[in-house]
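This report describes a single protein chain. It begins with the salt bridges and then turns to the fold, the surface and the backbone.

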Amino acid sequence: MEKKITMPLTKEKVQDLKAGDMVLISGVIYTARDAAHKRLIELLKAKKELPLDVKDSIIYYVGPSPAKPGNAIGSAGPTTSYRMDPYAPSLLDLGLKGMIGKGLRSKEVIESMKKNKAVYFAAIGGVAAYMSKCIKKSEIIAYEDLGSEAIRRLEVKDLPVIVCIDCYGNNLYEIGRKNYLEDNNK
């Protein structure tokens, strides 16, 4: 089922999403990869303010390539998410409601998602050029020294993702494997 979401991503919107839903996201989201996440957690430990408000937000795990003339951003395909797993629960506790990436998540992240009513979206690898066309504006807001891994504020229109793990812990990776095995054992 395809759903459209306009940011912010509230608890009510999250609770309406189910593993397997196709979603088009519009509004402001942020980018961050592991180096930026490490710095965010260091700020939290030092009781300092973060350079972005994660409450009801989505972080896209991406390190985009430089923009070509006339484009807001270069290719913007998802990064493997497990590298953010050590940091994600702390951000979820602050109100982060969505993460976009690819690949499996740890049990700790999934439990934190259930506790905090958050969702994990999968972006399809290999369609980075298409994903970039959904990004209408991109600006670096922190850690410019990290280059492509700097934190960016993105304005997106109909960014296509799939709910991979919903706030109830339903996991498309497990559901898909189970369905495949059941279909092939008939």
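Glu139 and Arg153 form a salt bridge, with N and O 3.8 Å apart; a salt bridge here is a side-chain nitrogen of Lys or Arg within 4 Å of a carboxyl oxygen of Asp or Glu. Because Glu139 is in strand E6 and Arg153 in strand E7, the pair ties together parts 14 residues apart in sequence. Helices (H or I, at least four residues) and strands (E, at least two) are DSSP runs, numbered from the N terminus. Glu139 is partly exposed at 34% relative accessibility, and Arg153 is partly exposed at 24%. Buried means under 20% relative accessible area, exposed over 50%, and partly exposed in between (1.4 Å probe, protein chains only).

The model is predicted: local features need pLDDT of at least 70, side-chain atom pairs count only at pLDDT 80 or more, and totals for chains, interfaces and linings use all residues. Residues are numbered from 1 along each chain as its sequence is written, and side-chain values use heavy atoms, with hydrogens and water left out.

**Salt bridges**

The structure holds 13 salt bridges. Three of them are listed here.

| Pair | N to O distance |
|---|---|
| Lys3 and Asp21 | 3.0 Å |
| Asp158 and Lys4 | 3.5 Å |
| Glu139 and Arg153 | 3.8 Å |

Lys3 is buried, with a relative accessible area of 14%, and Asp21 is buried at 7%. Together with Asp16, Lys3 and Asp21 belong to a network of salt bridges.

Asp158 and Lys4 meet in a salt bridge. Asp158 lies in strand E7 and Lys4 in strand E1, so this pair ties together parts 154 residues apart in sequence. Lys4 is exposed, with a relative accessible area of 59%.

**Overall fold**

The protein has six helices and seven strands. Their order along the sequence is β-α-β-α-β-α-β-α-β-α-β-β-α. The radius of gyration is 16 Å, close to the 16 Å that the globule rule gives for 186 residues, so the protein is as compact as a globular protein of that length. This radius is taken over C-alpha atoms, and the globule rule is 2.2 Å times the number of residues to the power 0.38. The C-alpha trace spans about 55 × 40 × 25 Å along its principal axes. Of the 186 residues, 47% are buried. One of the buried residues is Gly101, with a relative accessible area of 0%, in strand E4 (residues 98–101).

**Backbone**

Most residues other than glycine have a negative phi, and most peptide bonds are trans. The peptide bond from Met7 to Pro8 is cis, with omega near 10 degrees. Pro8 is in the loop between strand E1 (2–6) and helix H1 (11–15). Phi is positive at Tyr143, near 60 degrees, and at Asp158, near 55 degrees. Tyr143 lies in the loop between strand E6 (135–142) and E7, and is buried, with a relative accessible area of 17%.
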